[in-house]
Amino acid sequence: MLLATSALLADAKATAKAEIGRQFDLLKKGDVTALKARFTDRQKERVTAENVKKAQKEIKKYKLDDLVESVIEDEYQGKRNIKIKMKNGRTLTTLVEENGQWYADTIWFR
């Protein structure tokens with residue numbers, strides 16, 4: 001059972017790193033439209049050019065491994081989710097799976 005749990009966490013961490021890596025690259029480029037598409041519907045309106053500029057300043061301090069230090073996989077309202085903790089212990093975001101895709105459900109660095 002412990003091996004199965006470890007394998008699931010490793011898979012969740014790989015999933016989280018892949019999605020956060022995509023978002024990290026879009027954030028560095030300042031691509032508001034593409035970045036907005038990587039967030040849940042309830043967060044899309046909060047992905048603005050102003051918030052992206054603020055986050056661009058903040059991400060200069062981090063590498064991808066700093067952003068995705070650990071993960072907790074769970075289920076909420078029938079949807080799989082992955083809570084992502086940063087190296088500094090803060091929560092970066094929670095990813096929510098919808099139709100086989102992962103979307104961030106909180107805005108980074110708020």
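Colleague: Which residues touch the most other members of the largest nonpolar core?
Modeller: Happy to start there: this is a predicted model, in which local features need pLDDT of at least 70 and side-chain atom pairs count only at pLDDT 80 or more, while totals for chains, interfaces and linings use all residues. Residues are numbered from 1 along each chain as its sequence is written, and side-chain values use heavy atoms, with hydrogens and water left out. A nonpolar core is a set of buried Ala, Val, Leu, Ile, Met, Phe, Trp, Tyr and Cys residues joined through side-chain atoms within 4.5 Å, where buried means under 20% relative accessible area, exposed over 50% and partly exposed in between (1.4 Å probe, protein chains only). The largest such core holds 26 residues, and those touching the most other members are Leu 67, Ile 84, Trp 108 and Phe 109.

Colleague: Which element gives this core its largest share?
Modeller: Helices (H or I, at least four residues) and strands (E, at least two) are DSSP runs, numbered from the N terminus. Two or more core residues come from each of helix 1 (2-29), helix 4 (49-59), strand 2 (79-85), strand 3 and strand 4. The largest share is six residues, given by helix 1.

Colleague: Leaving aside neighbours within four places in sequence, which residues are in contact with Trp 108?
Modeller: Contact means heavy atoms within 4.5 Å. Trp 108 is one of the residues that touch the most other core members. With neighbours within four places in sequence left aside, its contacts are Ile 20, Gln 23, Phe 24, Leu 27, Phe 39, Ile 59, Leu 67, Leu 92 and Thr 93.

Colleague: Which strands stand at the edges of the sheet, and why is one side of each left without a neighbour?
Modeller: The sheet is open, with four strands in the order 1-2-3-4 and antiparallel pairing; two strands pair if DSSP finds at least two bridges between them. Each edge strand has a single partner strand, so one side of it has no neighbour in the sheet: these are strand 1 (70-76) and strand 4 (101-104).

Colleague: By how many degrees are neighbouring strands of this sheet turned against each other on average?
Modeller: Axes are lines fitted to C-alpha atoms, for helices over the stretch in contact, and angles run from 0 to 180 degrees between N-to-C directions. With direction ignored, the average for neighbouring strands of this sheet is 25 degrees.

Colleague: In the hairpin of strand 2 and strand 3, which residue takes a positive phi?
Modeller: Strand 2 and strand 3 run antiparallel and are joined by five bridges; Ile 84, for instance, has Thr 93 as its bridge partner. Five residues lie between the strands, and the one with a positive phi, near 95 degrees, is Gly 89.

Colleague: And which turn residue has a positive phi in the hairpin of strand 3 and strand 4?
Modeller: Strand 3 (residues 91-98) pairs with strand 4 in the antiparallel sense over four bridges. Leu 95 has Ala 104 as its bridge partner, and Glu 97 stands opposite Trp 102. Two residues separate the strands, and the turn residue with a positive phi, of about 55 degrees, is Asn 99.

Colleague: Is Gln 43 buried or exposed?
Modeller: Gln 43 is found in helix 3 (residues 41-44). Beyond its neighbours within four places in sequence, Gln 43 is in contact with Ala 104, Asp 105, Thr 106 and Ile 107. Its relative accessibility is 5%, so Gln 43 counts as buried.

Colleague: What is the radius of gyration of the chain?
Modeller: The pattern along the sequence is α-α-α-α-α-β-β-β-β, and the C-alpha atoms fill a box of roughly 45 × 30 × 20 Å along the principal axes. The radius is taken over C-alpha atoms, and the globule rule is 2.2 Å times the number of residues to the power 0.38. For 110 residues a compact globule would come near 13 Å, which agrees with the chain's 14 Å.
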